[in-house]
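Let's go through this structure together, one question at a time. Have the sequence and the coordinates open as you read.

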Amino acid sequence: MKKTCLFSILLLVTAALFAQPREQLLERLKKLQTHGVMFGHQDDPFYGLGWNDRSASGGHSDVLATCGDYPAVMGFDIGGIEKGDEKNLDSVPFARIREELLAQLKRGGIAAISWHPRNPLTGGNAWDVKDSTVVRNILPGGSQHLKFVGWMKRVSAFLQSLCDDEGHPVAIIFRPWHENNGSWFWWGKKLCTVAEYKALWCMLQDHLLADGLTNLVWSWSPNLGLNADEMDTFPGNNRVDIIGLDAYQWGTEQDFVRQLNEDLTLLTQKVKDSKKLLALTECGYQTLPDSTWWTRVLQPQIEKYALSYFLVWRNAGDHEYFAPSPKTKDAPDFRKMVKNKRILMLKDIK
Ligand code: BMA
């Protein structure tokens, strides 16, 4: 063996040995994306249609019960952590979130965290958009800045508590300030300027990094119906790892399919230019009134793009659910979709 060759092997081995959790997760995501697209579900182990495991694990999962496997990606929300609450905005104790998130990683899966923080100026929730000066007021120099620093500290403390059995920090996807091209959250389009939004992103990121949180894979997720000029709020190549899209079918199938293709075409160009990953960070069709939606509407669109994952939102109850359960009439179609080799469930990514 040539000396140079041996040296290269040594370098690779050393790099692999010392690779940090974040770099390992990024590498894994890139590799998995060449195999197919991972299926994800928000709040999968906490509640579903006809069951509630918020206070303790009963081992339930609507997805598992429907198709025999867990989602490859599980989504969790930490709205409420900023105030030191014991439970998140959907009444899931943070202790349970920590437990199930780590269980998902331990079984070989991937975890993503979103954050619906309360409105720091009005005391209302994330959807309180009465006041359009909130972002300005929490940035450095603003009247609520110090208060918000305290909120970021609590986010930081929770994220720092996510460690494996040996006490090492685990890598997770973190997805703050989402859907900012809409105006339904206090950080939305009509609620702050482009510069203020970017400053908000950087402020949170810099605080978490300064607290030692180098294990986060950062995802920026605008909402379906993107205008090209809204890409101006993209925080920057060195600040984002995954470019996501939150894309629900609320109206007609035609509108959804058209907009999804327009937006994914635009974002595909952006990920190519910036060498980022692409994902449908939230998606779904509430209560799945069309029992063939998975294979007839969603899957054909997903197959056209190099997506890392698509995550459907939570099964909150009979009027708000996005994933199948053995009881729902879309279940056979969902099973058909996940039989496809390029739709990746937990067992496909281990
Ligand atoms: C939203 C809705 C809310 C929920 C929030 C965070 O889209 O489902 O009811 O509180 O997500 O999970």
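The questions below move from the whole chain to single residues.

This is a predicted model, in which local features need pLDDT of at least 70 and side-chain atom pairs count only at pLDDT 80 or more, while totals for chains, interfaces and linings use all residues. Residues are numbered from 1 along each chain as its sequence is written, and side-chain values use heavy atoms, with hydrogens and water left out.

Q: How many helices and strands does the chain have?
A: Helices (H or I, at least four residues) and strands (E, at least two) are DSSP runs, numbered from the N terminus. Counted this way, the chain comes to eleven helices and eleven strands.

Q: What radius of gyration does the chain have, and why does it agree with a compact globule?
A: The radius is taken over C-alpha atoms, and the globule rule is 2.2 Å times the number of residues to the power 0.38. The C-alpha trace spans about 65 × 55 × 45 Å along its principal axes. For 350 residues the rule gives a value near 20 Å, so the chain agrees with it at 20 Å.

Q: What percentage of the residues of the chain count as buried?
A: Buried means under 20% relative accessible area, exposed over 50%, and partly exposed in between (1.4 Å probe, protein chains only). Out of 350 residues, the buried share is 56%.

Q: Among contacts between residues at least 6 apart in sequence, what percentage join residues at least 24 apart?
A: A contact here means heavy atoms within 4.5 Å. Of the contacts in the chain between residues at least 6 apart, the share joining residues at least 24 apart is 74%.

Q: How far apart do the centres of the positive and negative side chains lie?
A: Lys and Arg count as positive and Asp and Glu as negative; His and the chain ends are not counted. Each charge is placed at NZ of Lys, CZ of Arg, CG of Asp or CD of Glu. There are 41 positive and 41 negative side chains, and the centres of the two sets are separated by 4 Å.

Q: Which residue has its backbone nitrogen 2.9 Å from a polar atom of the side chain of Asp-69?
A: Asp-69 sits in the loop between α3 (62-67) and β4 (73-77), and it counts as buried because its relative accessibility is 8%. Beyond four places in sequence, its contacts are Val-63, Leu-64, Met-345, Leu-346 and Lys-347. The backbone nitrogen 2.9 Å from a polar atom of the Asp-69 side chain belongs to Lys-347.

Q: How far from Trp-201 is Phe-234 in space, C-alpha to C-alpha?
A: Phe-234 lies in the loop between β7 (216-220) and β8 (242-248), and with 6% relative accessibility it counts as buried. Setting aside residues up to four places away in sequence, Phe-234 touches Lys-198, Trp-220, Val-240, Ile-243 and Lys-270. Phe-234 and Trp-201 are 33 residues apart in sequence, and their C-alpha distance is 9.5 Å.

Q: What is the phi of Asp-43, which is not a glycine?
A: Asp-43 is in the loop between β1 (37-42) and β2 (47-48). Its relative accessible area is 0%, so Asp-43 is buried. Although Asp-43 is not a glycine, its phi is positive, at about 55°.

Q: Is Glu-179 buried or exposed?
A: The loop between β6 (172-175) and α7 (194-210) holds Glu-179. Its phi is near 55°, a positive value in a residue other than glycine. With a relative accessible area of 7%, Glu-179 is buried.

Q: Which helix holds Asn-137?
A: Asn-137 has a relative accessible area of 18%, so it is buried. Not counting residues up to four places away in sequence, Asn-137 touches Leu-121, Gly-142, Ser-143, Gln-144 and His-145. The helix that holds Asn-137 spans residues 134-138 and is α5.

Q: What distance separates the C-alpha atoms of Leu-266 and Ala-228?
A: Leu-266 lies in helix α8 and counts as partly exposed because its relative accessibility is 29%. Apart from residues up to four places away in sequence, Leu-266 touches Leu-226, Ala-228 and Met-231. Leu-266 and Ala-228 are 38 residues apart along the chain, and their C-alpha atoms are separated by 7.7 Å.

Methods. Polar contact = N/O pair within 3.5 Å; in protein donor to acceptor, adjacent residues only side chain to side chain.
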